[in-house]
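Here's a quick briefing to read alongside the model. Have a look at the fold first, then go through the notes by topic.

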Amino acid sequence: MSQARVHARRPKGAGFSIDEIPWRPNVGVNYEDFDLDEGLVHCWPMVYILRNDAEAYIGQTTSVIRRMGQHAVNPEKSAFNRADVIYNSEFNASAITSYESRLIQLMDADGVFRITNKIEGMENLDYFSREEYDEMFYELWEELRRHDLVRGTIGDIEETELF
């Protein structure tokens with residue numbers, strides 16, 4: 001029996017999309033509110049931000065619909081009213097774990113939102129093509145700035161005492 005070999009490919013820098021959708025406690029999100037294809041919201045690695053005007057929670061998942069449903073029944077998430085779902089066609093589980101951690105740290109230092117995550121994530125992981133994903137993160141950060149979800153540049157934040 002022969003096995004097909006699948007080789008990992010280096011990311012080429014695909015663009016990010018941020019889908020801003022209503023968040024409802026005890027409901028979560030509705031599929032109809034997404035601009036993403038149905039298959040992607042059920043089975044694709046993504047990063048997301050649950051938020052209101054003052055607070056935010058940052059997470060990652062391989063099924064955003066399922067994870068939003070889990071959060072919907074959590075009383076700690078009942079104050080949120082928006083979900084920003086971050087999609088990239090080159091995401092994988094390692095990349096979203098790293099992005100989640102970096103977003104928690106940088107957004108906390110940026111100060112637009114009080115970050116409610118209880119853990120900082122797992123930033124020190126090494127994985128295939130990490131350098132490329134690290135470079136792509138700067139593009140994501142600029143996209144978050146265009147959406148008014150963050151203010152400062154990564155360089156400015158990393159130079160502050162808060163970071």
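Let's start with the rings: Phe16, Phe91, Tyr99, Phe137 and Trp141 are joined into a cluster by ring pairs. Keep in mind that this is a predicted model. Across the whole structure, a search turns up 8 aromatic pairs.

- One of the aromatic pairs brings together tryptophan 44 and tyrosine 87, with 6.4 Å centre to centre and 50° between the planes, which makes the pair tilted.
- Tryptophan 44 sits in the loop between α1 and β2 (46–51), while tyrosine 87 belongs to strand β4 (residues 82–87), so this pair ties together parts that are 43 residues apart in sequence.
- Tryptophan 44 is partly exposed, because its relative accessible area is 26% and that class runs between 20% and 50%.
- Tyrosine 87 counts as buried, because its relative accessibility is 16% and the cut-off for buried is under 20%.

**Charges over rings**

- Lysine 77 lies over the face of tyrosine 57, and the distance to the ring centre is 4.1 Å.
- Arginine 102 does likewise with tyrosine 138, lying over its face at 5.8 Å from the ring centre.

**Helix α3**

- Helix α3 covers residues 93–110, and at 1.5 Å a residue its 18 residues should span 26 Å. The end C-alpha atoms of α3 are 25 Å apart, so the model agrees with that expectation.
- Most of α3 is covered, with 14 of its 18 residues buried.
- At the start of α3, asparagine 92 points a side-chain oxygen to within 3.0 Å of the backbone nitrogen of serine 94.

**Histidine 42**

- Histidine 42 is found in helix α1 (residues 38–42).
- With a relative accessible area of 39%, histidine 42 is partly exposed.
- Which residues does histidine 42 touch, leaving aside those up to four places away in sequence? The contacts of histidine 42 are Thr62, Ser63 and Ile65.
- Histidine 42 and lysine 77 are 35 residues apart along the chain, and their C-alpha atoms are separated by 21 Å.

Notes
Residues numbered from 1 in each chain as written. Predicted model: local features only at pLDDT ≥ 70, side-chain atom pairs only at ≥ 80, totals over all residues. Heavy atoms only, no water. Helix = DSSP H or I, 4+ residues; strand = E, 2+ residues; numbered from the N terminus. Buried < 20%, exposed > 50% of the residue type's maximum accessible area, 1.4 Å probe, protein only. Contact = heavy atoms within 4.5 Å. Phe/Tyr/Trp six-rings, centres within 6.5 Å; stacked < 30°, edge-to-face > 60°. Lys NZ or Arg CZ within 6 Å of the ring centre and 35° of its normal. Expected span 1.5 Å × (residues − 1). Polar contact = N/O pair within 3.5 Å; in protein donor to acceptor, adjacent residues only side chain to side chain.
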